[in-house]
Amino acid sequence: MKKKLLALILCLVMVASAIATVGVSADDAAGYTLDEQTKTFTVTTADGLVAVAALINAGKLDHNVTLAADIDMAGKKWTPIGTSNEPFKGVFDGGNFTIKNLENIVTHEMTGAAGYCGLIGKAYDGVVVKNLWLVDANLQGVEFTGAIIGETAQESADNTERKVVIENV
């Protein structure tokens, strides 16, 4: 009887933990998790932020980013989220955390052309950046440079007004 009860409790614990993690892929060693249902990366480390930027730039442009800890980028090579061909389309929610020591220096010699420089290099209309502190950033570019967003891009060809929401930054 005790063995059956113990087996039942173990089964219930396993089912409950499986239900709690449906749709979430975790890579704690990489410093981020991804909730596939909400398309949200939750970032906890500098390495995680670098990895998430690379994933977004490789095609997950409509995914969101949420910080879950302060991030110190000292000594990390930063490539902005969103490129000239693939602008960022998601929401970046800093969760009232701080990114410090973010460094991105772009020159014509490095890119062969004007580069995009900032936390987000290039963003589509409608992007939201909120609840973020950026401290001791060193962002230097030739063109399209901003601490938060280097440039916004329009999805439509009608040249309507560009709209990006930046709040509590």
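Residues are numbered from 1 along each chain as its sequence is written, and side-chain values use heavy atoms, with hydrogens and water left out.

Begin by colouring the protein chain by pLDDT (the predictor's confidence in each residue, from 0 to 100): the mean is 74, and 64% of the residues reach 70 or more. Select residues 5-24 next, where the pLDDT is below 50 and where the model has seven contacts beyond near neighbours in sequence, a contact being heavy atoms within 4.5 Å. Where pLDDT is low, the predicted coordinates should not be read in detail.

Switch to a cartoon view, and the protein chain shows three helices and 12 strands, taken as DSSP runs (helices H or I, at least four residues; strands E, at least two) and numbered from the N terminus.

Now select helix 2, residues 46-57, whose 12 residues reach 17 Å from first C-alpha to last, close to the 16 Å expected at 1.5 Å a residue, the expected span being 1.5 Å times one less than the number of residues. Within helix 2, display A46, G48, L49, V52, A53, I56 and N57, which are buried (under 20% relative accessible area, with a 1.4 Å probe and protein chains only). Looking down the axis of helix 2, you will find that its buried residues fall within an arc of 165°, so they line one face of the helix; the arc is that of the directions from the helix axis to the C-beta atoms.

Finish at G59, which follows helix 2 and has a positive phi, near 135°.

Conventions
This is a predicted model: local features need pLDDT of at least 70, side-chain atom pairs count only at pLDDT 80 or more; totals for chains, interfaces and linings use all residues. Buried means under 20% relative accessible area, exposed over 50%, partly exposed in between (1.4 Å probe, protein chains only).
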